[in-house]
Structures are given as structure tokens and as C-alpha cells.
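Work through these exercises with the model open beside you. Try each task before reading its solution.

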Amino acid sequence: MARATGGTPAIPADRGRRLAEVILADSRRAGMGPGSRLPTERQLAADLGATRTTVRRALAVLEAEGQISREVGRGTFLRDARWAPAGDGGALDGNGQAAGPVTGVAASADGQASGGPGGSAGFAPADVMAIRRMLEPSAMRLVVAWATAADFQEMDRCLAGGERAESFDQFEHWDLALHRCIVAASHSPLLIRLYAVIDAARHGRYWGDLKRRSASRDRQRTYQADHRELVAALRTRDPDRAVEAMRTHLARVSHHLFDETG
């Protein structure tokens, strides 16, 4: 069971994610598109046989992924989410369209990504972190070169969500979303598809359990400061500063996850 660090009860991450996928799939089957208003939390809970707390958690997942927007006094609306993860193990191409499934990665019956021993969601956290430290800093040069005003608007949305986060799980949603949209801002279809495997691994139980054990309010604030520095470096089109900001951030996360010294 997840332990919340804020004032709301913790819901197991996989339950919130599965319900989020159901809500999104049901909306698509109903022919709803960007701008369509979803039912209220109360109605979704009744329709899906879930508690309102679990529905609220699922909507938080969809909001962080850019699938929906929630407007006070108006409701919850589907969003044209070019930064959201594509279904069926897919990724977004340079134009934000679904690029099809990543080779060797497919969705299993329980909604976890599979492919290779244990599936991508079952990759060892140390392996995931090592590849992230190789890939993400170097990718910042592409982001500096190709990020658009819309990309920076999405980064700001994710930063604001991280600022509002009241629990570990909420902050982790926005952390995932920020890193995903930064990579999407490279506008490299191949890089985006490669990162989809990392993204799936970060949704896995092993990663989540390790990250949760290392979580604290102080570390959350430090990560958020790292994120602000990273986005600022990208916005000023400073590749060396952006590479160093990402390298420093991932080194810090690795240190906290694995209790590294030095």
C-alpha cells in the first residue's frame, strides 16, 4: 500500500492508473474527442463502481499526462494531448502523433508494459537509472535546438503541477509528465520511442517501490528546484547549462534511490 506524504489517503498506483485507462478508453469508445466534457467524479464513480477517491486519483493521473484539463466551475475536459504517452506501448512522433508500438514492447493483460524478461515495467531500477543518465543529458541539446513555445508551455504546466503536489504519488505523476514532455520537445521520433520504454519502466512496481522508500518532503522540494533550473536552461537555449542541469538532477535522484556515497 502506498503511503501518502500529504493530507489525502494513498491509493495503490496501479489501481489509479488502471482506472485512468478505463476512463480514457470509455471516452474514446463514446466518440468523445478534445474539448469534450467528462462526467462528474460522482457520476464516474457510480458508472465504474469505484470510490470517488479512486476516481479522483485516476483523474490526477490523466491530468498530469496531459490527457485532460480540469477547469474550476466548468468541469473536466479531454485535451489534445501531444505529450501524453501513447497506448499499446507506443510513443509519439515528432508531430505529437502516435508512432505505433515500440518493437518488442506491448501491453500485457494487467496494463503493464511487457517485452523481454519481466517486461519493461520489470526492468531493474539500477538499469533504468543507468540508461537515463546516459540518454537524457545528451538529449538536452536536441531540446535546446528544437523546443517550441508550445513545448515550453507544457513544461510550465508540469512544473505548476509539481508545485501543487501534496503527496509523493501526486508529485511522481508530474515528475513523469515533465521528463516525458521535455523529451517530446526534442521532436525526434526515434528518441521519443526509445524513451517510451523508460517511461513504462518508471511506471513499474519495482521502480515505484524504490522511489517511494526514498521519498521525503525535502527531496521533493529539491527535485522541484532541479526541474525549475532545467527548464530555465532550456528556455534560454543554453545547451551546456541544460546538459549539466539534467546530469546533476539525475545524479541526485540516483544517489537518493541507491544510497550512493560520493
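Ala, Val, Leu, Ile, Met, Phe, Trp, Tyr, Cys and Pro count as nonpolar, Asp, Glu, Lys and Arg as charged, and the others as polar. Keep in mind that this model is predicted.

**Exercise 1.** Sort the lining of the second largest cavity into nonpolar, polar and charged residues.

Solution. 
- Step 1: list the lining. Arg-17, Val-61, Ala-64, Glu-65, His-173, Leu-176, Ala-177, Arg-180 and His-203 line this cavity.
- Step 2: sort them. The lining divides into four nonpolar, two polar and three charged residues.
- Step 3: find the main source. Helix α6 gives the largest share, four residues.

**Exercise 2.** How are α6 and α9 oriented to each other, roughly parallel or roughly perpendicular?

Solution. 
- Step 1: take the geometry. Helix α6 (residues 168-184) and helix α9 (residues 217-235) pack at about 20 degrees, with axes 12 Å apart.
- Step 2: apply the cut-off. Angles under 35 degrees count as roughly parallel.
- Step 3: conclude. α6 and α9 are therefore roughly parallel to each other.

**Exercise 3.** Which helix gives the most to the lining of the largest cavity?

Solution. 
- Step 1: get the volume. The largest cavity has about 100 Å³.
- Step 2: look at the lining. It has 12 residues, and Phe-168, Phe-171, Ala-215, Ser-216 and Gln-220 lie nearest the cavity's centre.
- Step 3: check the helices. α6, α8 and α9 each supply at least two lining residues.
- Step 4: pick the top one. α9 gives the most, with four residues.

Technical notes
Residues are numbered from 1 along each chain as its sequence is written. This is a predicted model: local features need pLDDT of at least 70, side-chain atom pairs count only at pLDDT 80 or more; totals for chains, interfaces and linings use all residues. Side-chain values use heavy atoms; hydrogens and water are left out. Axes are lines fitted to C-alpha atoms, for helices over the stretch in contact, and angles run from 0 to 180 degrees between N-to-C directions. Angles under 35 degrees count as roughly parallel, over 145 as roughly antiparallel, 65 to 115 as roughly perpendicular and the rest as oblique. On a 1 Å grid over the protein atoms alone, a cavity is a set of points where a 1.4 Å probe fits but cannot get out, and a pocket is an open set with protein on both sides within 12 Å along at least five of seven lines; lining residues have an atom within 4 Å of a point. Grid points are joined across faces, edges and corners, and a volume is the space filled by probe spheres set on the points.
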